[in-house]
Amino acid sequence: DAHAVYAASVSAVGRARTTRTPAVLVFDGVPRRFGHAATDRQRAYLDDAEIERRFRRDPLAELCADALDRGVLSLAELTERELYIAEATVAAFDTAAAEPKLNDRADLVRRVAAPLAPLSSNHLAWRTSSEHPNETTGRKDVLRKHATRVIRETLDREKDAVYVGEDCVHGGYYLMTEGLHAAHPRRVRDFPPDETSLLGAAAGLAQRGFLPIVEMPYAKYLDCGADQFYEIAIHHWLSNGTRPNGMVIRLQGFDRGLFGGNFHTHNELRLPPGVDAVCFSNGADYVRGFRHAVRQARAGRVVMVVDPT
């Protein structure tokens, strides 16, 4: 029932926005008209009558019929839309089939990621900015504080930069984002502990023209978002660069690996083609490297900064 789905969705969105807590929608009785694939032997677990009943239960056809009954669309309008969608689908397949095949290794490598952005002559100019005097005092400090400063600097200067993560509003893990939400309340946002959705949101932000910096609490948590992570890594290759999704991914990892057991710090990362991975051992390199990572993300590359914990 499309109307019930719409009403429940509106209610769930309203509740989530009002209470600022997650809402879960459960859809029951959704028909599955076909098997999972051509190799799915439905008759092994469904009888012929049930297969036929499911085939005839078409939610889209029911919704179209309801639109006609309510006068939302005329039969001529509905037919026109159906023909347009059918023609557009065939045209898309024809276009894809006519594209040049990837037979050259150099072309394959070229498509893996956006080209590296060249260093400009003033790529270190921010170091002497009067907006960030702490960087010119020569005072030694721990890497974490340098990291916080350069993230703050990025948000100050890059007005389309968005920082999303888990608990980052309150300072995040190891206080890496301390004070950032107070300075940029609309662009530093918490996310539920769902790494797949977190990375998916970052990909969506990138494709909408933002510059996302997404924090994964620990390297091991990347396992939980692995599917979306791999989709982000190969997206430039799949789209031949027509849908860039440049971003910076920050996560904790690399050190003795003693804290928190298996599901926290560990020193193994699976890095598919399409991801630049960097790790810094001191605050000065972190600042320079993070600026460069932001520059590359702006150019459409996916850069993962792995912090020692």
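**Ground rules.** I number residues from 1 along each chain as its sequence is written, and side-chain values use heavy atoms, leaving out hydrogens and water. As this is a predicted model, local features need pLDDT of at least 70 and side-chain atom pairs count only at pLDDT 80 or more, while totals for chains, interfaces and linings use all residues.

**Overview.** I started with the chain and found 10 helices and six strands. Both are DSSP runs numbered from the N terminus (helices are H or I, at least four residues; strands are E, at least two). Of the 309 residues, 32% count as buried, where buried means under 20% relative accessible area, exposed over 50%, and partly exposed in between (1.4 Å probe, protein chains only). I also looked up contacts, meaning heavy atoms within 4.5 Å. Of those in the chain with a separation of 6 or more, 74% are between residues 24 or more positions apart.

**The sheet.** In what order do the six strands lie? I read S2-S1-S3-S4-S6-S5, an open sheet with parallel pairing. At the edges are S2 (188-190) and S5 (275-278), each pairing on one side only. The twist averages 20 degrees from one strand to the next. Two strands count as paired if DSSP finds at least two bridges between them. In general, strands of a sheet pair through backbone hydrogen bonds, either parallel or antiparallel.

**Strand S3.** I then followed S3 (residues 211-216), which four bridges join to S1 (residues 161-165). Another four bridges join S3 to S4. Val162 has Pro212 as its bridge partner in S3, and Val164 has Val214. On the S4 side, Val214 is partnered with Ile249. Are the residues of S3 buried or exposed? Six of its six residues are buried. Leu211, Ile213 and Glu215 point one way, with Pro212, Val214 and Met216 pointing the other way.

**A helix across the strands.** Helix H6 (residues 143-157) lies across S1, S2, S3 and S4 (247-252) and runs at about 135 degrees to S1. Axes here are lines fitted to C-alpha atoms, for helices over the stretch in contact, with angles from 0 to 180 degrees between N-to-C directions.

**The largest pocket.** I got a volume of about 460 Å³ for this one. Its lining includes Ala16, Arg17, Arg20, His181, Arg189 and Asp190. Helix H1 (2-19) and S2 each supply at least two lining residues. By class I noted six nonpolar, two polar and four charged residues. On a 1 Å grid over the protein atoms alone, a pocket is an open set of points with protein on both sides within 12 Å along at least five of seven lines, a cavity is a set where a 1.4 Å probe fits but cannot get out, and lining residues have an atom within 4 Å of a point.

**The cavity.** How many cavities of 30 Å³ or more does the whole structure hold? My search found one. The largest cavity has a volume of about 30 Å³. Helix H9 (residues 226-239) gives the most to its lining, with three residues. Among the lining residues are Val112, Ile232, His236 and Arg301.

Methods
Points joined across faces, edges and corners; volume = space filled by probe spheres on them. Nonpolar A, V, L, I, M, F, W, Y, C, P; charged D, E, K, R; others polar.
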